[in-house]
Amino acid sequence: MRKRLLNNLGQLILNIFKILFPVSVITFIIYFIIENFKVGIISNYFDMHYLLLIALVSGFFLLMFNHKKNSYLPYKKLLSIILTLLIIFISFQYLQNIEKMRYFISLLIGLATYIIINLYPSKYD
Amino acid sequence: MKRLVNNLYSFFKIIIIIIPFILLAFLINKDLVRSGTISFVYDFSQDSPVITNLFPANRMSDVNKVKDFDIYWQSINNEPVYFETRLPQTFDKAEVEVMYQNNDLPLIQIGLNNMGSNEWNYDFKPLENKLLDNLDWFKLESSDKALYQRKKQYLSIDQFLEEKDTLTNFAAYNYDIDRKFTIPNYLASDDYKVMDKTLRGTHSFYTYIKDEALDFVFTIQDINRAEGLDELKIKLYNDQGILIYEKKVDDDGLISKYDPASASRNINFYFEGLAEGAYKIVLDCADEIFFREIKTKQKYLTFIDRLYLVDNPSYSDGFIDLEYKPTAIYSTIPRLGFYTSHKEGKQLIGINNEVIEIDETHKNYYLTPSSMPVYMFIPKNDIKVFGQGLMSLSDDMYFNPEIYNLRNITDFSNIDYLITDYIKPTLVNGWQTGKVSFDLNNASVINRKLRFAISAPELNSLNEEIPVLQIKVTLTKEPLSLSEFWDKTFSYIKKKLK
């Protein structure tokens, strides 16, 4: 009974992350486009990095725990590429103090992320 | 159990999908500022998306934290410094509130960058003016204006404002009063006056015209101590600050720094048909140009902010006919500054019954005269006298056309009332809080940002600093109704799609 409860709870959380990941990524892209139309309309009042953080966390959770072969989510490689790009974008934003070096360092961080994700063994790889 | 989990999942799914839309609607509503007022605060704890950090960074200290408290502050070490604030919509007014500390600086001001031909076109207003704070008159104060009275005559500011059109004995400091300055019973003079004190470089002065032509003759010489052309532009502004005439005087033809000083030239500046009123003349040139003589028929000639006297042996290599006589100046500048570039300019200067010793070159000296007006005695010349206000080379040529638009306090001998929108800062927990309001009609908006400056004219010379705890900018406009909102939205979309 207790084991079934925990399983159901775990499945609920995983399903929530399955929705949270695409919603946060798509919301970020839409807000980004709106921000380009009128600078400040979003960023004056809301830090869009929170959306990226939600996307990253939910994406990693899905990678680590979603082992169902017939899942409708993108394949592991596509998901890992999306997460890598998000990591590169975030680190590029936060490394502004080191100016030109940030191009190199954010790419390095992205590459390390991609390798770590793909080294993690998946049951169906 | 499974049904409960499925229901919970459906519930969370709906919430997660709806939240971005609700958030977007909230953000757009906030950006529209339908209430008409929005405030942005920068407290130095972290970078703000709406108010930039103070810059340039090399004029600022590091951000400091009060130990064991979540309080941050940063010091201004050199001035001026700037900051920008985002403008989500078009606003009518901006109020800047600053929490800061000030030990000894007599004046701290905030400026808003306005549109104009110059890139640097700041409209400065006082955040703190210790000279005015020390004015020992009766004071009536409201949230946005104050009335100083020599004798208590009015019980409210509104009472004074109702009667002000009948009064001639009042002044306005940092307060918009639509009143033209005139001199009652003014009679033009037929005789020429000659000022034979040699002045160096750019100077500005006021004069007054009524039923007469503007008639000046400037005798100039170029000392040719620097490479390049040395041109002179003489500009005439009316009492609204509008440029109405400009005369360009070409260089003497000697452009090398090894060339001798030029022969003297007379430059006529004559203008007829001017309406009665005060006019400003600006002699715009480099320090290479020396004004050996100013001859005029005008009765009044009052210099603005600066007099650079050079009848001194330090210029004998360029001019052999300088008269090394002391100079007397009549001034109503509340805070006087002095500066000399040469050792020959070191001297004792008399200011009424006070004396200031200029014993170093390339250093600013300051003095607040204990009484006004001021009679200065400058024995050796070779000195730059400066400050925010007016002075003349004789008291009978002095007049003050700025009385309804004062830039600083002045001689109030003939004044019994002073109206101002300057409010003395309040002191709370060791920090001053001062506010300044600006009209945004003429503000320069670049990339949807306003730029402000914080300035304290004596900060650099006195090696002081201004710790700042918080900057708050409040923007106001007319509230937006729902119908206006839809009109604006459709016209905005149409504009973007064109």
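A nonpolar core is a set of buried Ala, Val, Leu, Ile, Met, Phe, Trp, Tyr and Cys residues joined through C-beta atoms within 7 Å. Keep that idea at hand for the first view, and remember throughout that this is a predicted model.

**View 1. The largest nonpolar core, with B:Phe291 among its members.** This core holds 45 residues. The members that touch the most others are B:Phe291, B:Leu307, B:Leu309, B:Ile329 and B:Val385. Take a moment with B:Phe291: setting aside neighbours within four places in sequence, its contacts are B:Thr198, B:Leu199, B:Phe218, B:Ile220 and B:Leu283. A second, separate core has 35 residues, including B:Ile110, B:Leu469, B:Ile471 and B:Val473. In soluble globular proteins, nonpolar side chains tend to be buried together.

**View 2. The two domains of chain B.** Domain 1 is built from two stretches, 39-144 and 438-476, while domain 2 covers 193-403. Their centres, taken over C-alpha atoms, are 33 Å apart. Where the domains meet, domain 1 of chain B supplies four residues and domain 2 of chain B supplies five residues. On the domain 1 side of this contact there are two nonpolar residues, one polar and one charged.

**View 3. An open sheet of four strands in chain B.** Reading across the sheet, the order is β8-β9-β28-β10, and the pairing is mixed. Which strands stand at the edges? They are β8 (138-141) and β10 (170-173) of chain B; each has a single partner strand, so one side of each is left without a neighbour in the sheet. On average, neighbouring strands here are turned by 15 degrees against each other, direction ignored.

**View 4. The pairing of β10(B) with β28(B).** These strands run in the parallel sense and are linked over four bridges, with β28 spanning residues 417-420. To find your place, look for B:Phe170, which stands opposite B:Tyr417 in β28(B). Strands of a sheet pair through backbone hydrogen bonds, either parallel or antiparallel.

**View 5. Where chain A meets chain B.** Here 17 residues of chain A are in contact with 19 residues of chain B. How many charged residues does the side of chain A that touches chain B have? There are no charged residues on that side, which has 11 nonpolar and six polar ones.

View 6. Of its 498 residues, 30% count as buried.

Definitions and conventions. Residues are numbered from 1 along each chain as its sequence is written. Chains are lettered from A and ligands numbered from 1 in the order in which they are written. This is a predicted model: local features need pLDDT of at least 70, side-chain atom pairs count only at pLDDT 80 or more; totals for chains, interfaces and linings use all residues. Two residues are in contact if their C-beta atoms, placed from the backbone, lie within 7 Å. Ala, Val, Leu, Ile, Met, Phe, Trp, Tyr, Cys and Pro count as nonpolar, Asp, Glu, Lys and Arg as charged, and the others, Gly among them, as polar. Domain bounds come from an automatic or database domain assignment. Two strands pair if DSSP finds at least two bridges between them. Helices (H or I, at least four residues) and strands (E, at least two) are DSSP runs, numbered from the N terminus. Axes are lines fitted to C-alpha atoms, for helices over the stretch in contact, and angles run from 0 to 180 degrees between N-to-C directions. A residue is buried if 20 or more other C-beta atoms lie within 10 Å of its own, exposed if 12 or fewer, and partly exposed in between; C-beta atoms are placed from the backbone.
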